[in-house]
Amino acid sequence: MTSPTVTSDSPVPANARKINIRVLRQDGPGQPSYWQRHQVAYEENMNVISVLQRIAAQASTVEGESVSPVAWDCGCLEEVCGSCTMVINGRVRQSCTALVDKLLEENSTEIELRPMSKFPVIRDLMVDRSRLFHGLERVKAWVPVDSYYDMGPGPKVSRKQQEENYPLSQCMSCGCCLEACPQYQKIEVHRRPGETDAQFDERKRAAHHEAFLGAAPISQAILFNSHPTGKNSADERLDALVDTGGIQACGNAQNCVAVCPKEIPLTTSIGRAGRAATVHSLKRLFDF
Amino acid sequence: MAMQRVVVVGGGLAGLAATMKLCELGIGVDLISLTPVKRSHSVCAQGGINSCNDQTRQLGDSEWKHFDDTVYGGDFLQHQPPVKEMTAWAPKVIDLMDRLGVTFNRTQEGFIDRRRFGGTLFKRTAFAGATTGQQLLYALDEQVRRWESEGLVKKFEFWDFLGPIQDSNGRCVGAVAQDMVSMQIRSFPAAAVVVATGGGGLIYGRSTMSVFCNGAAASRCLQAGAKYANAEFIQVHPTAIPGADKLRLMSESARGEGGRVWVPTKPQDSRPARDIPESDRYYFLEKRYPEYGNLVPRDIATREIFDICVNEGLSVEKDRMCVYLDLTHISRSELDRKLGGILEIYEKFQGVDPREVPMKIFPAVHYSMGGLWVNYAKSSDAGLLPGAPENQATNIPGLYAIGECDYQYHGANRLGANSLLSCIFSGLFVAPCIKNYAESLPAGVQNQPASVFQQAVMMQESRHAALLSNKGGENPYLLHQQLGDIMTRAATVVRRNDQLDDAYGKVDELHSRVQACSLTDSGSWTNQNVLFTKALQDMFPIAKAILKGARLRDECRGAHFKPEFSMPSLKEEESAARRQEAEKWCDRFEANNRRFLKSSIATFKGNDPEISYEDVDTGSIRPRPRLYGLVGAEVIEQVWNERVSHAEPGEAAGSHSVAPS
């Protein structure tokens with residue numbers, strides 16, 4: 001008896017339908033990008049991840065040329081880790097939930113895969129999203145507790161408050177909202193010859209520091225400003241929001257909320273951030 | 001001299017908890033991870049985290065009962081002191097996570113809401129929607145980012161841990177790792193190294209685990225001389241959504257919130273599920289386990305679903321094994337509030353709304369109960385001695401293991417919502433132990449000659465170079481598929497010795513072939529091909545330890561099920577005969593425990609694991625038969641209780657002196 005748990009892949013018949021895939025590849029930072037065409041056999045319930053897995057295993061293009069596997073980033077494959085963001089058929093999304101059947105309904109001739117355009121390409125579909133994480137640091141997206149010793153429970157939270165905060169807290173830093181934002185411009189810092197990792201990282205951080213935060217970190221600032229203990233650093237977060245690259249850079253295009261795979265009410269957060277920032281600026285003005 | 005930094009490998013719940021606590025103690029951390037730590041596999045944990053709480057306490061619950069449920073659910077294969085300590089800490093762990101801002105669901109009055117999970121009758125489980133692991137991880141990620149901004153943590157994300165670095169006495173004095181972007185290999189000198197790299201689901205091809213859960217880090221420690229314990233205990237989760245790339249978890253919380261598992265009584269009934277009347281439905285878990293119902297421990301639920309499909313032929317579909325998991329009797333608003341995250345996953349991948357139509361699910365490989373062997377220091381009250389350097393220490397001095405990748409907390413079967421607890425607990429608890437270890441080191445240890453580190457780097461560089469130039473012709477991706485198929489067939493729900501022998505032979509053959517992979521990418525920039533191949537090669541020592549451990553364990557315990565050695569239900573009808581049969585049953589149970597109530601310990605030499613056995617500390621709670629759903633359970637229990645009351649402490653069952661023959 002064979003175990004049907006984790007069934008092995010059903011054998012693909014030789015005459016199976018093929019899917020065409022066009023991938024925008026790039027061998028490394030600063031290198032030219034180029035299109036490459038692949039073909040894989042259609043299987044039921046495929047997603048873009050399984051397409052890329054098949055491409056890696058066969059390692060040759062539709063023309064039969066041997067090529068290295070396409071590099072891409074993925075993790076949980078169930079849309080909670082935020083790794084596998086890319087631009088698929090022109091729309092930014094998670095490749096794990098991009099189901100082939102649905103993509104073929106959009107365009108029956110081929111599936112087009114491109115890396116996000118607002119982040120520097122590392123290789124092929126992999127991009128460097130460290131700016132996003134730096135943004136979380138800029139807005140101090142954490143609860144400033146005294147210690148990790150046992151001090152009893154946290155402050156009581158109403159169900160209403162939890163229901164407001166939980167959606168914001170589901171942000172998985174995937175970057176879709178930033179890719180879709182007209183005000184969020186790519187910043188690419190090229191490594192200088194002889195530069196150490198630490199020096200390069202320092203220059204990158206400095207470049208990120210002045211640039212637009214984007215929807216995801218702004219929404220996190222609002223999340224922590226509405227937490228009973230998080231509030232204690234509210235002014236520092238608002239300082240970041242009124243600084244260069246803060247809330248005033250938002251052009252209110254509302255693309256962010258439209259592409260968020262978790263349907264986080266980003267524009268509501270931005271609205272709240274805008275109002276709080278205005279009050280904060282006035283306070284700063286008159287306090288001095 | 002100033003204390004050296006500590007290397008933490010892995011940024012899931014355990015690694016991040018350890019990192020932030022080390023920082024609080026003033027110790028700098030180099031945090032190495034295959035992925036940005038916020039994307040670690042802990043995000044996939046859905047259901048919740050257990051602790052005794054104010055409400056359950058008033059219904060008779062206690063830390064002790066949580067401890068008891070955990071060891072009973074684990075079939076008594078855990079050393080009890082660490083479990084006792086963990087369950088005693090559980091309420092404090094949840095309080096801390098609450099303070100850190102985790103968005104736990106709330107009751108109307110604003111308290112943390114709780115749900116029921118498998119293997120207990122109490123509502124112990126705190127939860128944040130159905131993405132509790134994600135929410136807990138984010139809270140820890142935020143704290144670590146805070147320390148990073150203060151300069152105490154340096155993250156090395158997209159770095160692959162290649163192994164511990166040992167001095168001439170075998171002590172771990174650092175780690176060697178590779179930048180997955182630039183492919184640079186470098187050493188990280190450290191006072192201690194903590195491995196927190198989770199499970200190895202990729203050894204089974206597809207599982208509920210994330211793509212980076214390949215077990216390679218643990219294997220690299222095993223190959224460096226660390227012991228690996230209870231490898232054969234792999235949890236197969238009862239409810240997952242089958243997929244071509246991965247088997248997606250459908251959380252136990254679906255059943256915790258009232259989800260019911262059933263199949264049509266008529267095989268492959270073609271009517272839509274909702275049109276099948278109650279009288280034509282078989283709620284087999286509720287029927288077979290009236291007390292726990294749909295919330296029996298996972299190993300049991302998995303075997304029953306497997307049995308109903310394979311042996312009884314009642315799978316919902318003919319070509320694809322599955323059963324119904326039904327939530328349609330619960331209101332939409334309640335489902336959205338408590339289970340939204342997982343229902344969205346089902347809807348997105350299956351294109352069907354599980355609020356309207358019962359889900360189709362089947363078991364999938366989910367969790368490694370086994371892992372790196374770690375030590376502990378027992379306190380006078382049979383818990384752990386806080387701050388003792390032995391806690392969570394592997395047999396390589398200076399090398400620690402925590403979280404899913406240690407073997408310590410779940411025995412033969414893990415209870416749902418206990419993993420998040422064990423990860424956070426072991427992470428927090430290990431930090432002062434490491435501090436004390438590091439402070440006790442003689443000055444000489446922290447002052448290693450540079451050659452120790454250079455050699456480790458050179459060794460890895462030559463492995464890397466050899467792989468790039470190898471022209472053996474094997475395709476690593478295809479070998480991985482084959483490995484996954486073999487492991488899945490032989491070493492999941494039902495295990496048979498002939499199949500395990502056969503599987504070992506095949507895996508051994510693949511193990512030699514995997515040394516001859518030809519890479520399609522021989523470049524030196526973000527070469528995922530070579531990184532994958534290295535991880536694949538390192539899956540084999542663990543795969544072999546699983547198979548060999550399973551082959552040698554001729555019994556049924558928790559997730560390890562060999563029908564040939566199962567303990568049968570009672571058959572006698574007449575009461576005296578039944579009583580006699582129960583006596584024999586208990587004799588056999590005791591004899592089996594004398595032989596097999598042991599942790600298996602794998603060490604790796606040459607090409608194969610060697611297995612030895614270690615006694616289990618069952619000093620607090622005497623092992624007793626696990627009788628969920630067995631016919632005649634009440635008679636066996638009666639006989640057993642009589643024996644126990646007559647026996648001297650430590651005498652009956654699970655006394656631990658005889659090694660398996």
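This is a predicted model: local features need pLDDT of at least 70, side-chain atom pairs count only at pLDDT 80 or more; totals for chains, interfaces and linings use all residues.

Just after α3(B), the backbone at B:Asp75 takes a positive phi of about 55°.

An open sheet of chain B is formed by four strands in the order β18-β11-β20-β21, with antiparallel pairing. Its edge strands are β18 (371-372) and β21 (608-615) of chain B, each of which pairs on one side only. Within this sheet, strand β11 (residues 228-229) of chain B is joined by two bridges to strand β20 (residues 598-605) of chain B, the two running antiparallel, and B:Tyr228 stands opposite B:Ala602 in β20(B). Helix α15 (residues 528-552) of chain B packs on the sheet, where it touches β11, β20 and β21 of chain B, and its direction makes about 50° with that of β21(B).

These elements can now be placed within the domains. The assignment for chain B gives domain 1 (6-233 + 369-452), domain 2 (240-363), domain 3 (453-552) and domain 4 (577-646). The C-alpha centres of domain 1 and domain 4 of chain B lie 29 Å apart, and the contact between them takes 20 residues from domain 1 of chain B and 15 residues from domain 4 of chain B. On the side of domain 1 of chain B that touches domain 4 of chain B, at least two residues are supplied by each of α3, α4, α6 (216-223) and β11 of chain B; by class, that side has 11 nonpolar, four polar and five charged residues.

Chain A remains to be described. Its assignment gives domain 1 (18-123) and domain 2 (129-146 + 157-287), and the centres of these two domains of chain A, taken over C-alpha atoms, are separated by 29 Å. Their contact takes 16 residues from domain 1 of chain A and 15 residues from domain 2 of chain A. Strand β4 (residues 91-94) of chain A contributes three residues, the largest share of the side of domain 1 of chain A that touches domain 2 of chain A, and by class this side has seven nonpolar, six polar and three charged residues.

Technical notes
Residues are numbered from 1 along each chain as its sequence is written. Chains are lettered from A and ligands numbered from 1 in the order in which they are written. Two strands pair if DSSP finds at least two bridges between them. Two residues are in contact if their C-beta atoms, placed from the backbone, lie within 7 Å. Axes are lines fitted to C-alpha atoms, for helices over the stretch in contact, and angles run from 0 to 180 degrees between N-to-C directions. Domain bounds come from an automatic or database domain assignment. Ala, Val, Leu, Ile, Met, Phe, Trp, Tyr, Cys and Pro count as nonpolar, Asp, Glu, Lys and Arg as charged, and the others, Gly among them, as polar.
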